[in-house]
Amino acid sequence: MNIQNPLNRRHLMVISAALAMSGMAQASGVSDKEILIGTHLDLSGPTATGSSMLRNAMQMRLDEVNAKGIHGRKVKMVTEDNGSQPQMAVRAVQKMIRSDKVFAIVNPFGSGTNAATVKMATDAGVVVFGPWAASSVIQRVSGNSPLLFTTVQNYDTTTATGLGWAIKNWNTSRVGVIYQEGPLGELMRSGINTAMKNANLTLAAEAAYKVGDIDFSSQVAKMKAANVELIFAGTVIRETVGVMAEVKKLNWTNVKVLTGIPGRSSVVTALGKDTVDGLYGIGGWKLHDPATTTDPAAKKFFTDYKARFGQEADENAANAYSWMGWFLAGVEATGTDLTAEKFAKAMQGVTHEDFTTYTRLSFKNNHAMPELVSIDQAKGGRWVQIAQPTDGK
C-alpha cells in the first residue's frame, strides 16, 4: 500500500532550499545555541594521568569563552576514552560522528589512535584540530585533508634543526644515535640523516631499542665503545631517563646527550631528578615553572588551574589550553554561518601567539608554522634554555 506523505519530495526540496537561503540550515554539531565538539584521550591507559590534565585544561578554556559565548552560541565538549588503543579510538570516533554528530574533534591524543581515526573523521566532514601525534604521519594518513589542522612540531624537521645546531656549536664530529624502532624512530632518523648530511658527517654508532624496553646498558655501551662525543637520544620520557642513568652509571662525563622533542619534558626532570642533570633537549614550546614564572598569562593559567583542579598543571596541559584557544579563535573568525568548509577557510587567516609559543604561528598547508626549536638543559630539576629558538635557517 502506497501511503501519501503530506510532505512530498517537492515540498521537502522547497523547504530545504528556503532554509539554506535563510541561513537557518546548520552544520553537523551546530545549532542556534550550541556548538558540539569532541575529543578522545587516554583516560584508562598508560598515560591516563596526563590525559586527564589535557581534558581539564581544554574545559577550562571552553568555560572562559562560554562566559561570553561565540556569536550567541556556547561550546560543549564530549570526551571519550581511547585507552591508547586504536580499536577503542575507532569506536569512540564512530560514536562522536554518528551519535553525537560533533562539529570538530579537538586535541585528540596519540599517534596510533589518531592514525586509526583521522581519515574516518575528515571524510565524514568533521574538523580534526591539534591531534597529539606525529603531524606529518597524520597529514599523510588523512590524505592531506583540508579539515585537518596539525599543531605538533614534526619530529624529523625539529630533530634536523636541533642536532644541526649541536654539531655546529659544540664542534662535534663523532655522533652516536639511540632510537626507538617504529614510526617515531623513522621520523627522527630522517632528521638525523639530514643534519649529518648537512654537516658532511657519518654516524659513529647507532643502536635501536623496542617500545617497552627498560634496559639501555647495551645501547649506551655501544656508544662508549665508539668513543662518541654526542649521543642523540631519539627517546620518550622513561627511555630518556634510562639512557641518562646508564651514562651516569659509567661515569661518562665527557659526552653530551641531546634528546628530541618527546624527551624534553618536565616529566623527565621530575622523574629523573639528579639522574638527568646535564641532559640537553630540543624544545618546541615555552616551559614555565608555575612557582617562578613572571609571564602574566602563564601565571594566571597555572594559578587558575590549581585553584580549580587542586594540582599543578604541566606544559602539556598548557599546550592543550593554548591549542583549544586557537581553535575557538577560528570558530569566532568564521562567523555565524559555521560549517566545516567555512571554518577551514577562515583558519588560514587566524594566527596564534601566547605564553606557550616562541613566536606568532599561522597555518601553512594546514600545519602550524614556523617550527622554531630551542636547546635547553636540565639543571637542578628544571629545563633552562641555553640557545634561542631557531628554525636552523
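How many cavities of 30 Å³ or more does the structure hold? The count comes to 1, where a cavity is a set of points, on a 1 Å grid over the protein atoms alone, at which a 1.4 Å probe fits but cannot get out. This is a predicted model, so to speak a set of computed coordinates, in which local features need pLDDT of at least 70 and side-chain atom pairs count only at pLDDT 80 or more, while totals for chains, interfaces and linings use all residues. Residues are numbered from 1 along each chain as its sequence is written, and side-chain values use heavy atoms, with hydrogens and water left out.

The largest cavity has a volume of about 180 Å³, taken as the space filled by probe spheres set on grid points that are joined across faces, edges and corners. Its lining numbers 16 residues, a lining residue being one with an atom within 4 Å of a point. Thr151, Gln153, Gly284, Thr357 and Leu361 lie nearest the centre of the largest cavity. Sorted by class, the lining has 8 nonpolar, 7 polar and 1 charged residues; Ala, Val, Leu, Ile, Met, Phe, Trp, Tyr, Cys and Pro count as nonpolar, Asp, Glu, Lys and Arg as charged, and the others, Gly among them, as polar. Helix α13 (residues 315-334) gives the largest share of that lining, 3 residues. Helices (H or I, at least four residues) and strands (E, at least two) are DSSP runs, numbered from the N terminus.

Turning to the sheet, 5 strands make an open one in the order β2-β1-β3-β4-β5, with parallel pairing. β2 (74-81) and β5 (148-149) each have a single partner strand and stand at the edges, so one side of each has no neighbour in the sheet. Strands pair if DSSP finds at least two bridges between them, and β4 (residues 127-129) is joined to β5 by 2 bridges. Helix α14 (residues 340-347) lies across β4 and β5 and runs at about 35° to β4.

The peptide bond from Met369 to Pro370 is cis, with omega near 0°, and Pro370 belongs to the loop between β12 (367-369) and β13 (373-379). Lys101, not a glycine, has a positive phi near 60° and is found between α3 (86-100) and β3 (104-106). Asn227 also has a positive phi, about 55°, without being a glycine; the loop here runs between α9 (217-225) and β8 (230-234).

How values were computed. 1 Å grid on protein atoms, 1.4 Å probe; cavity = no way out; pocket = protein on both sides within 12 Å on 5 of 7 lines; lining within 4 Å. Contact = heavy atoms within 4.5 Å. Axes fitted to C-alpha atoms, helices over the stretch in contact; angles between N-to-C directions.
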